[in-house]
Amino acid sequence: IDYEMLQDGLDQMSQNSNPFMRTKLKDGTRQRGLNFDDINESGIQCRSGVTKTFRESVSIAVVMDGLLSYRSPLAMKLWTMMIAFYIYMGTGNGQDITTLNNGELWYPEWLRLNFLQWSAMADA
């Protein structure tokens, strides 16, 4: 095992770890910065050297990637907030018109019933 060749990815990362900026490497090539995913992918693909294998998202695609990656936890948080609001609507702790006379937990009336319908439509 040639340890110098094995550590090549780490040397490239120390030269440039910014995946959005191209820089000139020791061998004369210009390449965007590496990260550990690129090193792993180069090994999985049995490449002779470590190269950039993944192009990072830019602009609005970053937001879209975040939403798509974390949609399950976001949905769970949204459902938790909706359940908490549903319970609050029947406590009578707020204004009378919004938290009183909305029925009980299993027998919703008025705003609680409307909230359940709108929540079901929003979730669909």
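# Close-up views of a predicted model

**The loop that holds C46.** C46 is placed in the loop between helix 3 and helix 4 (60-69), where helices are DSSP runs of H or I with at least four residues, and strands are runs of E with at least two, numbered from the N terminus. The model is predicted, and local features need a pLDDT of at least 70, side-chain atom pairs count only at pLDDT 80 or more, while totals for chains, interfaces and linings use all residues. Residues are numbered from 1 along each chain as its sequence is written, and side-chain values use heavy atoms, with hydrogens and water left out. Although C46 is a residue other than glycine, its phi is positive, near 55°. With a relative accessibility of 68%, C46 counts as exposed; exposed means over 50% relative accessible area, buried under 20%, and partly exposed in between, for a 1.4 Å probe and protein chains only. Most residues other than glycine have a negative phi.

**K52, in the loop between helix 3 and helix 4****.** K52 has a relative accessible area of 18% and is therefore buried. Its contacts (heavy atoms within 4.5 Å), leaving aside neighbours within four places in sequence, are P19, Q31, R32, G33, L34, N35, D38 and R47. Between the C-alpha atoms of K52 and Y88, which are 36 residues apart along the chain, the separation is 52 Å.

**The largest pocket and its lining****.** The volume of the largest pocket is about 250 Å³, and of the 15 residues that line this pocket, M5, L6, G9, I39 and V50 are the closest to its centre. A pocket is an open set of points, on a 1 Å grid over the protein atoms alone, where a 1.4 Å probe fits and with protein on both sides within 12 Å along at least five of seven lines, and a lining residue has an atom within 4 Å of a point. Grid points are joined across faces, edges and corners, and the volume is the space filled by probe spheres set on the points. At least two lining residues come from each of helix 1 (3-6), helix 2 (8-15) and helix 3 (36-44). Sorted by class, the lining holds six nonpolar, six polar and three charged residues, with Ala, Val, Leu, Ile, Met, Phe, Trp, Tyr, Cys and Pro counted as nonpolar, Asp, Glu, Lys and Arg as charged, and the others, Gly among them, as polar.

R112, F115 and S119 of helix 7 are buried. Helix 5 (71-88) is included in what covers the buried residues of helix 7.

**T98, in helix 6****.** T98 is partly exposed, with a relative accessible area of 31%. Residues up to four places away in sequence aside, T98 touches M89 and L111.
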